[in-house]
Amino acid sequence: MIAPDTLSSTTPLVIPCEHGQLHGSLALLPDARGIVVLAHTLQALDHRDGALAAELNDVGYSTLNADLLTHEEERFPDVQHNVPLLAKRLLAFLGTLHHAVQTGEIPAQPIGLFGTNATTPVVVRIAAQRDHDITAVICRGGMIDLAGILYLHTLNSPLLLLHEQSDTAGIAANRRALQEINGCKELKLIPDIGLEFFDTPGFKALSFETANWLRQHLVPSE
């Protein structure tokens with residue numbers, strides 16, 4: 001059951017999986033424009049996604065911050081790049097949201113996906129599979145071609161790719177991958193965020209471009 005914490009307006013989520021438990025944090029806003037699921041694979045990235053989620057909350061979007069690995073799995077790099085496994089787990093988080101809508105716990109609303117690095121091919125794959133459910137996708141870095149050529153060809157959800165300017169290899173790879181996508185797509189360069197991340201020009205650009213894409217595309221599907 002989803003019941004927001006009255007002090008923080010967030011709900012911790014725990015989802016069982018084959019290797020333990022997955023953790024998430026759901027922030028629901030009244031009269032939200034939609035809900036954005038931010039998927040990551042490392043607990044250290046939870047704070048970064050949390051900062052972006054707070055920015056999105058401030059402009060009217062509910063958010064679900066979803067860790068697709070158990071804490072024990074974070075030690076194993078191969079699991080962090082297992083796209084089919086991570087996609088299955090992202091579907092579990094989305095299933096929790098859909099169940100809450102069906103039971104009337106939360107109102108029906110458009111859903112957007114945000115992925116960073118290892119989770120960018122994951123959100124692309126899921127958006128391609130659930131094109132009637134996902135109305136906007138944003139990726140920061142990563143290699144979206146790892147989603148698989150079939151999913152690139154079938155992706156209909158509007159896709160924004162954000163790359164730090166120094167990531168020349170990733171930019172070139174994703175430009176090639178974008179040629180396989182027929183739907184709405186855009187690649188934008190942002191200043192390097194660096195290790196400091198917070199309160200940097202790169203993070204401010206990331207927040208601005210993400211919110212702007214959501215304003216354009218996170219709308220109820222027809």
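Predicted model: local features only at pLDDT ≥ 70, side-chain atom pairs only at ≥ 80, totals over all residues.
A residue is called buried when its relative accessible area is under 20%, exposed when that area is over 50%, and partly exposed in between, using a 1.4 Å probe and protein chains only. Residues are numbered from 1 along each chain as its sequence is written, and side-chain values use heavy atoms, leaving out hydrogens and water.

**The sheet**

- Helices (H or I, at least four residues) and strands (E, at least two) are DSSP runs, numbered from the N terminus.
- Eight strands form an open sheet with mixed pairing, in the order β1-β2-β4-β3-β5-β6-β7-β8; two strands pair if DSSP finds at least two bridges between them.
- The edge strands are β1 (10-17) and β8, each of which pairs on one side only.
- On average, neighbouring strands of this sheet are turned by 20° against each other, direction ignored; axes are lines fitted to C-alpha atoms, for helices over the stretch in contact, and angles run from 0 to 180 degrees between N-to-C directions.
- Strand β2 (residues 20-27) pairs with strand β4 (residues 62-67) in the antiparallel sense over four bridges, and the bridge partner of A27 in β4 is T63.

- β6 and β7 are paired in the parallel sense over four bridges, with C139 opposite L161 in β7.
- From β6 the chain passes through helix α5 (residues 149-154) to β7 in a right-handed β-α-β crossover; right-handed means that, with the strands pointing away from the viewer, the path from the first strand over the helix to the second runs clockwise.
- β7 and strand β8 (residues 185-190) run parallel and are joined by six bridges; L162 has K188 as its bridge partner in β8.
- Helix α6 lies across β7 and β8, at about 165° to β7.
- Strand β7 (residues 159-164) is mostly covered, with five of its six residues buried.

**Cores and covered parts**

- A nonpolar core is a set of buried Ala, Val, Leu, Ile, Met, Phe, Trp, Tyr and Cys residues joined through side-chain atoms within 4.5 Å.
- The largest such core has 47 residues, of which V37, L90, L113, I144 and L159 touch the most other members.
- Helix α3 (residues 83-102) supplies the largest share of this core, nine residues.
- A second, separate core of 22 residues includes V36, L52, I190 and I193.
- I144 is in contact (heavy atoms within 4.5 Å) with residues including T120, P121, V124, C139 and L161, leaving aside neighbours within four places in sequence.
- The buried residues of α4 are covered by elements including β3 (35-40), α3, β5 (111-116) and β6.

**Residue R140**

- R140 is in strand β6 (residues 134-140) and is buried, with a relative accessible area of 6%.
- The side chain of R140 makes a polar contact with the side chain of E164 (2.9 Å); a polar contact is a pair of N or O atoms within 3.5 Å, where within protein one must be able to donate a hydrogen and the other to accept it, and residues adjacent in sequence count only if both atoms are side-chain atoms.
- Not counting residues up to four places away in sequence, R140 touches residues including R48, F114, N117, L162 and I193.
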